[in-house]
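Have the structure open while you read.

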Amino acid sequence: MRFLLDAEQREFARSLGMMLTAADTVTATRAWSTGDHAPGRAVWARLAEAGVFALPVPQEYDGLGPLPVETVVAFVELGRHAVPGPAVGTVAAAALLARLAELGDAGPAKRFLPALASGAVSATLTLPGGGPYALDADAAGLILAVADGKLRLAPGHARVRRSLDPARRLAAPLPGGELLATGPAVPTAARHATDWAALATAAQALGVGCALLDRTVAYVKQRTQFGTRIGAFQAVKHRLADVLVRLEFARPLVLGAALTMAPRDIAAAKVAAGEAAYGAARAALQLHGAIGYTAEFDLSLWLTKARALRSAWGDPGVWRGKVLTEEASRARHRPS
């Protein structure tokens, strides 16, 4: 089965790519790493104008969706341009609140979703199984925490910690805060939000891997060794071909998961995209030689992001386990 974008989706990706290229996301990401959010917020505002944050939000709450495929298209471009900020957290929070509303508790959705859709407010959150830290809590306007079957609006966050990717700043939400929802609907909505977070992260990783490949191909066409461009060496060609194949195998898995929104498909997409991006990072680091190791070189922004996204919301082992669990469940319910 082939998963291809239609003309409108391709144009959406192209326009986002052009806008982000003009927005100088490299400068914004470097500033974000130091705690200076102003350039990143300017990029965020332009994404909001393009409707990116309205894509996962249902239309009854001033959104455009939910539109998982278009969300994936957008997040591939966010990864390709190393856009900083809690974009995945905002998508996951929107999915959480929307599913709660579907299950009968529409109060939090009415209160927060319109602002999330417009981009006026960004969100971050912690979910069961996702670790104790929220991404970019120091920049988010909304910090949500799900634990023990309860959804709370956190009153703030603890000390900010640097992660492997300096632009991904982590902080634990403070305990307590306003109780927004409780009961069996909260864990169900949290699982739905985790799926959206994993899907957006997979798309972001795919974009990161594509950027690493593009930059490395451009570099090996310029770098010379023994009087020859290193891109002419077969070992280099084979290494980059392997990277391309893994990225192109991951792409239909990510798009297919967006179409079905099945937990098994999302888990497979998360593994494939994360591993493909990580492989692209390893190849880029090696083929760039010594300069690939320097933080001052822009390539480092994508190298560290590829490693961080691979383990975000659970490492590959966790998501492989989910694929096997879902497959075993299907087998048990398959007619004999």
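How do the residues of the lining of the largest pocket divide into nonpolar, polar and charged? There are 13 nonpolar, eleven polar and two charged ones. Here Ala, Val, Leu, Ile, Met, Phe, Trp, Tyr, Cys and Pro count as nonpolar, Asp, Glu, Lys and Arg as charged, and the others, Gly among them, as polar.

A quick word on the ground rules. This is a predicted model, where local features need pLDDT of at least 70 and side-chain atom pairs count only at pLDDT 80 or more, while totals for chains, interfaces and linings use all residues. Residues are numbered from 1 along each chain as its sequence is written, and side-chain values use heavy atoms, with hydrogens and water left out.

Back to that pocket (on a 1 Å grid over the protein atoms alone, an open set of points where a 1.4 Å probe fits, with protein on both sides within 12 Å along at least five of seven lines; lining residues have an atom within 4 Å of a point). Its volume, the space filled by probe spheres set on grid points joined across faces, edges and corners, is about 430 Å³. Of its 26 lining residues, Gly 130, Arg 168, Leu 170, Ala 312 and Trp 313 lie nearest the centre. Helix 10 (299-311) is among the elements supplying at least two lining residues, and it gives the most, with four. Helices (H or I, at least four residues) and strands (E, at least two) are DSSP runs, numbered from the N terminus.

Contacts are heavy atoms within 4.5 Å, leaving out residues up to four places away in sequence.

Now for the packing. A nonpolar core is a set of buried Ala, Val, Leu, Ile, Met, Phe, Trp, Tyr and Cys residues joined through side-chain atoms within 4.5 Å. The largest one has 107 residues, and Leu 47 and Leu 212 are among those touching the most other members. Helix 7 gives the most to this core, with 21 residues. A second, separate core has five residues, including Ala 134 and Ile 143.

Notes. Buried means under 20% relative accessible area, exposed over 50%, partly exposed in between (1.4 Å probe, protein chains only).
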